[in-house]
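Please have the viewer open as you read.

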Amino acid sequence: MDARITRIQAKLAALPTTEKAVLGPVLTETQISDFEDTHGVRLPEEFRQFLTRIGHGGYGPTYGLLPMERWVGRGDRGQPAESFPIVPDVGVPTGPDDRGDLVGSFPGTITVVYRGCSDFTLLVVTGPGRGRLVEVNAEGFFAPRFHADSDFLAWYERWLDFVLTGHRNLNWFANQMAGDEDQLVATLLDDALPARRRAAAYTFITYPDPSATLPHTLIRALTAETHPAVRETILRALAAQGEHGRDLLVVALADPVADVRSIAAVLMAANAPQGRPIPTRRREALGRRLAHETDDSVRETIQRMLDYST
């Protein structure tokens with residue numbers, strides 16, 4: 001763990017001054033033990049090491065890391081000593097939280113980042129996901145979803161890497177994962193867990209300096225992918241590769257899932273201002289699909305895209 005601490009300290013020092021990368025002072029063992037005794041928990045070791053050796057509160061994703069006094073106490077939302085029941089990486093949550101028992105209540109966690117509105121990043125301190133970060137919405141607008149990182153140090157170091165390497169947009173950070181292009185491609189093509197394949201695909205949406213072969217690699221992953229939610233994310237990654245990537249979206253108009261076909265149609269028309277036509281190849285492909293499409297919602301989406309750019 002010493003090497004990880006040293007790496008993080010070096011990366012913090014390497015950040016440009018425009019990042020205003022200031023962390024609060026470290027906490028003492030006594031301060032942490034008092035918190036643990038009060039709430040009946042033992043904080044994950046990686047988080048404890050961060051607090052005692054790197055800093056406490058301050059620079060981090062979105063509005064930054066919260067100080068200790070804001071980890072708990074957001075009303076009646078569960079206690080840290082109770083178990084957070086969700087097992088990490090099982091399934092791919094894609095819609096509203098329909099469990100009911102977790103809407104506004106997140107036992108077994110502390111809040112480490114407030115992301116705005118009713119969105120929070122939590123650290124699981126009790127339960128099967130102990131040590132992992134999980135993204136939640138207090139009003140149940142989306143189901144809790146775990147970050148891909150193995151622990152707090154991995155999560156924070158990934159944030160520093162994304163800033164230092166110049167990811168094009170940091171708003172997707174919660175959905176993404178660590179790795180260079182080769183590692184991400186290997187995960188996307190070969191990992192057994194759809195949640196991890198989806199995280200790899202999300203990372204390519206903002207990946208800096210992708211190779212010229214990446215769009216065709218994404219197409220290969222798309223044709224092999226069995227999970228619709230992962231295919232949808234691959235389409236977004238393709239669209240992020242520019243005009244060539246959007247041209248390749250044509251193949252997804254034949255996807256067996258209607259929602260995937262609809263997303264492909266929308267992304268094919270992306271970046272075409274109203275009144276400016278979609279490039280001919282894509283427009284013709286949308287027209288052919290419209291003539292054969294049997295799902296009314298997909299037909300409506302395609303027609304809207306065609307009308308929008310006429």
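Phenylalanine 152 has a relative accessible area of 1%, which makes it buried; here buried means under 20% relative accessible area, exposed over 50%, and partly exposed in between, with a 1.4 Å probe and protein chains only. Tryptophan 155 is buried too, at 0% relative accessibility. The two residues sit three apart in helix H4 (residues 152-165), so about one helical turn separates phenylalanine 152 from tryptophan 155. Helices (H or I, at least four residues) and strands (E, at least two) are DSSP runs, numbered from the N terminus. Phenylalanine 152 also has a stacked partner in tyrosine 156, with ring centres 6.3 Å apart and planes at 10°. Tyrosine 156 lies four residues from phenylalanine 152 in H4, again about one turn of the helix, and both are buried. An α-helix has 3.6 residues a turn, so residues three or four places apart point the same way.

A note on the ground rules: this is a predicted model, in which local features need pLDDT of at least 70 and side-chain atom pairs count only at pLDDT 80 or more, while totals for chains, interfaces and linings use all residues. Residues are numbered from 1 along each chain as its sequence is written, and side-chain values use heavy atoms, with hydrogens and water left out.

## Aromatic pairs and charges over rings

How many aromatic pairs does the structure hold? There are 16 aromatic pairs. The rings of phenylalanine 152 and tryptophan 155 form a tilted pair, because their centres are 5.2 Å apart and their planes stand at 45°. For the cut-offs, rings of Phe, Tyr and Trp (its six-membered ring) pair if their centres lie within 6.5 Å; planes under 30 degrees apart count as stacked, over 60 as edge-to-face and the rest as tilted. Ring pairs also build a cluster, whose members include Phe35, Phe47, Phe50, Trp71, Phe152, Trp155 and Tyr156.

Two arginines sit over rings. The charged end of arginine 145 is 4.2 Å from the ring centre of phenylalanine 142, and arginine 158 lies over the face of phenylalanine 162 at 5.3 Å from the ring centre. The rule asks for NZ of Lys or CZ of Arg within 6 Å of the ring centre and within 35 degrees of the ring normal.

Which residues of helix H2 (residues 29-39) are buried? They are Ile32, Phe35 and Glu36. These residues lie on the same side of H2 because they cover an arc of only 95° around the axis, taken from the directions from the helix axis to the C-beta atoms. Thr30, Asp37 and Thr38 are exposed on the other side of H2.

Helix H3 (45-53) and strand S1 (109-116) are among the elements that cover the buried residues of H2, where contact means heavy atoms within 4.5 Å. After H2 comes glycine 40, with a positive phi near 70°.

## One cavity

Rolling a probe the size of a water molecule over the atoms shows where empty space is left. The count comes to one cavity of 30 Å³ or more. A cavity is a set of points, on a 1 Å grid over the protein atoms alone, where a 1.4 Å probe fits but cannot get out; lining residues have an atom within 4 Å of a point.

The largest cavity has about 50 Å³ of space. Its lining includes Phe47, Phe50, Leu51, Trp71, Val112 and Phe152, and H3 gives the largest share, three residues.

## Loops and a buried threonine

Lysine 20 has a positive phi near 50° although it is not glycine. Lysine 20 lies in the loop between helix H1 (2-14) and H2 and is exposed at 67% relative accessibility. Aspartate 89 also has a positive phi, near 70°; aspartate 89 is in the loop between H3 and S1 and is partly exposed at 22%.

Threonine 187, in helix H5 (residues 181-190), is buried with a relative accessible area of 12%. Not counting residues up to four places away in sequence, threonine 187 touches Met177, Arg196, Arg197 and Ala200.

Technical notes: 1 Å grid on protein atoms, 1.4 Å probe; cavity = no way out; pocket = protein on both sides within 12 Å on 5 of 7 lines; lining within 4 Å. Points joined across faces, edges and corners; volume = space filled by probe spheres on them.
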